[in-house]
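Here is a friendly briefing to read alongside the sequence and the 3D view. It takes open spaces first, then aromatic contacts, then one of the chains.

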Amino acid sequence: MNTFIHPSLLLLGGALLLPLVRGPLRKFYLLLIPLLAFAAVLGNSLLSGHFAILPFMEWQLVFGRVDKLATAFALIMALVTVLATLYGLHVEKTVEHMAAWCYAAGSLGVIYCGDYLSLFLFWEMMAFSSVFLVWFRRGPQSLQTGYRYLLIHTLGGVILLAGILLRYQSVGDINFALMDISQPQLYTWLIMLGFGLNAAVVPLHSWLPDAYGEASFNGAVFLCAITTKTAVYALARACAGFEVLIVLGVIMALYGLFYALLENDIRRLLAWSIVSQVGYMVAGIGIGTELAINGAVAHAVVHILYKSLLFMGTGAVLYTTGQTKFTELGGLWRKMPATCGLTLVGCLSIAAAPCFAAYVSKSMIINAGFAAQQNWAAWLLMFAAIGTILYNGLKLPYFLFFGENRCSSTTWEKAGEPPLNMLIAMTIGATLCFLIGVAPGYLYSALPFATAYTPYTAFHLVETLQLLGFSALAFFLLKGLLAPKDVVYVDIDWFYRQGGRAFMWLVRNPLQWFDWAWGELYRSFALPLLMLMARFSGWFDWHIIDGIVDGLARTVRGLGGQLRLLQSGQMQYIFFQVFALAALALITLTLFLLF
Amino acid sequence: MKQTGQNILQRGVFLALFYATLAGIAILSLVVENHHPHSWLEAHLPFFWSFFAFFAAIIIICLSKWLAKAGLEAKPGCYDLPLGPAEEKKP
C-alpha cells in the first residue's frame, strides 16, 4: 500500500454515520471503525514524507506528514482508540461514542499535520469533543467540571493561536517544525505554553485531576491517553531541547506524586499520576538528546498502555460499585479477582517492575539526564520514581483490592466483575504491557532515533529490585500514615475557582448595587430633567419654530389672497393692469434716461 | 477483624518471605558491579539503592503528610463554602 489514508477521516465519517447504525450491527460497526483507523495508521507507517497537501489562500496545509515520530504516536493513539471503544462497547449513548471518536480524530489530526493552521483546527476539535466525555458522566459536578475544562482549554487555545500568529508575522510561514529554541522569542514561549497547558505542565495542570476524576467510566480511558500525550508529541516536534522544559518536567514529576499519594479518589490518584509521569516525558524533551527524545516517546507509548489499563480497572470498579473513594472501597479482590489481577499488571507496569512496560522506558529518560550532565534532574526523577512505586504500585492496589474492607453492604453486593468486553479490553492492555516489558525490541525500533539501549542488564535489574523492595518495606512500615481519609486536597485551581466565585459575588453585590443606584439616580434626577427639557423643546417648537413657520405661511397666504383678487378674469381689469405696468416701466425708463 | 491462629501464621510466613527476599536482593547488589556510578556514594556505599529507596520513600510519605497538615487538606465541598460573611447573607 502506498496511499496515505487519513485515519481521522475514517473516525469522523464513522462518527457521523453511527446514529444511523442500529440493531445487531451496531457493536460490529463500533469495532470496525477504530480497527479501520488502526489499519490506516499501520498502512501509513510504511510511508515517509508529506501527503494530503491542500492549498489554502497563500499557504499549503499539510494533513499527512509521516515520519517516525508521527508514526509512533499515531500507532499508539489508534490502538488505544480500539481498546477504549471495545471497553465501552456496551455503552448505549451514541453521542458518547461519537464524541470519543472525534476526540481521537483530533489527536491523529494533530499528529499527522505539518502546519500550525491545521494543527490548531485539530487541537480545538480535541478540546470541544473531549468535554462531552466529562459531561456524559452526568454526576452532580460533571456540568461545572466540564465548563471549567472547556474554559481552561479555550484559554490554552487562545495562547497557542497568539503564538502561531506572532510566529507567522515574524517567520513568514506556518510550518509545524522544531522552533529555534536557542533564541526563544515571545511566540516560542506562547506556543510552548499552549502545548504545555495540554500536557498539564504545573501550574497549568489543575484541569486534569479535576476533569479526569469526573469523566464517565469509558470517557476517562480516552482522556487519560489522548490529550496529554498529543501535547507531548507537539512539544517533542516543536520544542525539543528547550531547557526550561527540564525544570517544568521535574516539577511535574514531584508535584503530581505528593497529590497522588494523598488522594482519596482512585481515579483522581491516577490523574495526578499522569501529571507526574508526563513530567518525565516533558523533562526528556527538555534534555533533547537522541536518547532523551527516544525515552520520552517510549515512555509516552507505554504510559498510554498502562494508564489506560489502570483507568479501565478503576473504571470497572466505578461501573460495578458506583464508588471511587478509597474510604468507601477495599478488599475487592474477593469480588473482582480478574479485574484485580489485570489492574495489578498496570500497577507493576507504572512502577517500572522488571518484565513490565515502564521498566524499558523510564530508565531511558533518567540515563539520558545523567548522560547530558543534568544530574540534579536525573536524581530528582529517580526520587520521583520511588513516589510512583508508593502511590501506584502499592497504595492503589493495597487500599482498593486488599487491606481493610470499607465497603458498605450495598457497595459490596454491587461489586463484581464487569462485562466481558471490558475484561477483554483490559486483558489485551495487560498483555501488551507485559509483551513490551519482556520484548522491547519492537517499541525501540519504532522510536524516532536508532538506539542500542539495553534495559536488561544485571545492574539495572538489581537496582530496580532494590527500589521496589525497599520502597515496599517503607510503605508497609508507614502505611498507617497513608490510610484513606474522606478529605480533598486543595490545589492551584483553588485560586481561580475561588476567584471565579469572588467575581460572581462582585457582580451580584457591589456591581448590582451600583447598577440599581445608577437606575434610581436616573429615575430621580435625570428623568425629570429630561422631561423638563422635552417640555421646553415642545414649547419652543410650538411657539417659536411653529410661530415663525406659521407666520410665514399666514403672510404668504394673505399675499396670495390679495394677488388672487387681482386675477378676476375680466378683460378690462387685465388691460388696466398691463397698461398700468407698462406706464410704470415707461416712467421709470424716462426718469433713468433723464438723470 | 479478629486475628485467627491461621491468619497470624500466614502473616508470619508472608513477612518471613518478604524479609528474606529483601535480604536476597540486598546481597545480590553486592555481587553485581555498577560500571557507571553517578555519584561517589553510589560507587562506595554498599546497598546504596536499598538505602536510597527506603529513605526516599520515608521522606515522601512524611513530607506528603506534612503538606496535607500544612494546609492542603480540606473538607469535601470546600470549594463551595461561602467566601465570607458577605456571601453568607445571600440565601
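The second largest pocket holds about 730 Å³ of space. This is a predicted model, in which local features need pLDDT of at least 70, side-chain atom pairs count only at pLDDT 80 or more, and totals for chains, interfaces and linings use all residues. Residues are numbered from 1 along each chain as its sequence is written, chains are lettered from A and ligands numbered from 1 in the order in which they are written, and side-chain values use heavy atoms, with hydrogens and water left out.

**Second largest pocket**
- Its lining has 32 residues, and the closest to the centre are Gln141(A), Glu214(A), Asp265(A), Arg268(A) and Val488(A).
- A pocket here is an open set of points on a 1 Å grid over the protein atoms alone, with protein on both sides within 12 Å along at least five of seven lines; lining residues have an atom within 4 Å of a point.
- Grid points are joined across faces, edges and corners, and a volume is the space filled by probe spheres set on the points.
- In chain A, helix H6 (142-171), helix H8 (207-212), strand S3 (488-489) and helix H20 (493-566) are the elements that give two or more residues to the lining of the second largest pocket.
- Helices (H or I, at least four residues) and strands (E, at least two) are DSSP runs, numbered from the N terminus.
- The lining of the second largest pocket divides into 14 charged, ten polar and eight nonpolar residues.
- For these classes, Ala, Val, Leu, Ile, Met, Phe, Trp, Tyr, Cys and Pro count as nonpolar, Asp, Glu, Lys and Arg as charged, and the others, Gly among them, as polar.

**Largest pocket**
- About 1500 Å³ of space lies in the largest pocket.
- Of its 41 lining residues, Tyr398(A), Phe402(A), Gly403(A), Phe476(A) and Phe14(B) are the closest to its centre.
- Helix H1 of chain B gives the most to this lining, with ten residues.
- By class, the lining of the largest pocket has 25 nonpolar, ten polar and six charged residues.

**Aromatic pairs**
- How many aromatic pairs are there over all chains? The count comes to 47, where rings of Phe, Tyr and Trp (its six-membered ring) pair if their centres lie within 6.5 Å, and planes under 30 degrees apart count as stacked, over 60 as edge-to-face and the rest as tilted.
- The ring centres of Trp379(A) and Phe48(B) are 6.0 Å apart and their planes stand at 75°, so this pair is edge-to-face.
- Trp379(A) lies in helix H15 (residues 375-401) of chain A and Phe48(B) in helix H3 (residues 48-72) of chain B, so the pair joins two chains.
- Both Trp379(A) and Phe48(B) are buried (under 20% relative accessible area, with exposed over 50% and partly exposed in between; 1.4 Å probe, protein chains only).
- Phe54(B) and Phe55(B) are also edge-to-face, because their ring centres are 5.4 Å apart and their planes are at 80°.
- Phe54(B) counts as buried at 18% relative accessibility, whereas Phe55(B) is partly exposed at 45%.
- Ring pairs link a cluster that includes Phe326(A), Tyr398(A), Phe476(A), Phe14(B) and Tyr19(B).

**Chain B**
- Chain B has four helices and one strand, and from the N terminus on its elements run α-α-α-β-α.
- Of the 91 residues of chain B, 29% count as buried.

Conventions:
On a 1 Å grid over the protein atoms alone, a cavity is a set of points where a 1.4 Å probe fits but cannot get out, and a pocket is an open set with protein on both sides within 12 Å along at least five of seven lines; lining residues have an atom within 4 Å of a point.
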